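Hello,

Here is the structure I said I would pass on. Please open it first, then read my notes below.

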Amino acid sequence: MDNVVLCYDFLKGFVKEKVIYGINTGFGPMAQWRVSDEHLKELQYNIIRSHATGAGEPLSDIEVKSAMLARIGTFLQARSGIHPSVIILLQEFVNRGIYPFIPQHGSVGASGDLVQLAHIALCLIGEGKVHYKGKWLPTADVMGKEDLKPMEIYIREGLSVTNGTSVMTGISIVNQYYAENLLKYGTIAGAWINEIADSFDDYMSVEENECRRQPGQQVIARWLREVSEGSKHLQKREHELYDPAKNQTTYFEHKVQAYYSLRCIPQIYGPIYDTLRNASEVLQNEINSACDNPIINYTSNNITHGGNFHGDYISLEADKVKVAMVRLVMTAERQLNYLFHDRINGILPPFLNMGTLGLNYGMQACQFTATSTTAECQTLAMPNYVHSIPNNNDNQDIVSMGTNSALLCKKVIDNAYQVMSILFIALAQATDCLDLAEKLSPKTKEQYDAIRAICPKFVEDTPFYNEIAETEQYLRSNIIKYLNA
């Protein structure tokens, strides 16, 4: 915080008799007009009020909290020239669970998230509304109840709070958290389905995967080995197919090689791992960066103007994560098809139906939900990063659409959890169809027990919507801690 004070003090002395964007000029294409000294504080309030124009559903509390933390990270770089009281007030909002109303729509991601950040700033000056203890209330009422004073304008607080990538970054950090966890559950499902198929275990072997020099593939293979440790239902190729005493038949009932959605998990999920690893690095860099404009550099006694608020880094990563999550959900859907399709798997009843065929339907309709949800994800896979529409009198002639990218990525991740939930229920049912529970590895048996606590084995037809929702909540809230880089 000491550096924040130094930066503020430098700016206070530096601005005298100089023209500096957003301090004594208008904003955007209005920067060609100088603003007289008597209106400088009014100028800062005006950008807040005029830009709080968002529309649509509000961001969730956790996304708003993440965005405020990202903004604090930017301010702590001491390159914005804001008064330290702004950081303190943001901290109080975070610590006291005060979440500004931020609509989903409004940002083009070029001067950062101007509209959404303006909604945060609006609440900091005691206006607008906040989500507080589960209710939407006027900000002024909540600040009064919490004995908090509205943000004061000193030099450029209005522009600083509204200028930057903190909302798209905040949403993406939440996305990253859930995406990383979902990849771990996808890997567990991959190990589990190979146990059900009684697959040969060399698909995840060190020897197989180390000869392809892709780090993500090797990590996923190691995760599969870790999850599968102790399983009693995987075959050794050298015991079955390399032994002349056992390989004399002309037709092998058990598949010599499993379907791609089972045996190619290291090769399919490896790129997803690498994509998430790169996205994590970009997000860490961004939250520890100054994404303001202009940059107030008190160490070199200078102010520079540029475009650190431009959201291309976040937008591109959000699109890459989104595409990776679509690939994950496509794989999960194909694994579901394997479990449901008796003529493909050759070992399970149609749709895992443990009742009377024709009279009962098992999980038949669950596949409709998984397939339609996967199809929506495939539609959403189109990169948003490439969609730039000039605006702002063509001042913003190329924009990142970063917040849109982050929100579309969120939608895909939410969808993927739904499909993964259906897959986990199906894996548990398939395990019971074959009476394999006691042959599973300890780690897949742990998941089997957790799912069966939510959705007991079923023979008669039953609705699944509650079980799918509860399983999704389980997957979201139970973070896998034992699979690490």
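**Aromatic rings and a helix crossing**

Tyr185, Trp192, Phe424 and Tyr474 come together as one aromatic cluster. Bear in mind that the model is predicted. The structure holds 13 aromatic pairs.

One of these is Tyr178 with Tyr417, an edge-to-face pair. Their centres are 6.1 Å apart, with 90 degrees between the planes. Tyr178 belongs to helix 8 and Tyr417 to helix 17 (residues 402–433), so the pair links parts 239 residues apart in sequence. Tyr417 is buried, at 0% relative accessibility.

Phe340 and Phe351 make a tilted pair, because their planes stand at 50 degrees; the ring centres are 6.2 Å apart. Phe340 sits in helix 14 (residues 312–340). Phe351 is in the loop between helix 15 (342–345) and helix 16 (364–380). Here the parts tied together are 11 residues apart in sequence. Phe340 is buried, with a relative accessible area of 1%. Phe351 is partly exposed, at 25%.

Now the helices. The axes of helix 8 (residues 166–196) and helix 10 (residues 215–228) come within 9 Å and cross at roughly 60 degrees. That angle makes helix 8 oblique to helix 10. The crossing is right-handed. On helix 8, the contact uses Leu183, Lys184, Thr187, Ile188, Gly190 and Ala191. Helix 10 contributes Ile220, Trp223, Leu224, Val227 and Ser228. By class, this contact has 7 nonpolar, 3 polar and 1 charged residues.

Best wishes

Definitions and conventions
Residues numbered from 1 in each chain as written. Predicted model: local features only at pLDDT ≥ 70, side-chain atom pairs only at ≥ 80, totals over all residues. Heavy atoms only, no water. Axes fitted to C-alpha atoms, helices over the stretch in contact; angles between N-to-C directions. Helix = DSSP H or I, 4+ residues; strand = E, 2+ residues; numbered from the N terminus. Parallel < 35°, antiparallel > 145°, perpendicular 65-115°, else oblique. Left-handed = near helix turned anticlockwise from the far one by under 90°. Contact = heavy atoms within 4.5 Å. Nonpolar A, V, L, I, M, F, W, Y, C, P; charged D, E, K, R; others polar. Phe/Tyr/Trp six-rings, centres within 6.5 Å; stacked < 30°, edge-to-face > 60°. Buried < 20%, exposed > 50% of the residue type's maximum accessible area, 1.4 Å probe, protein only.
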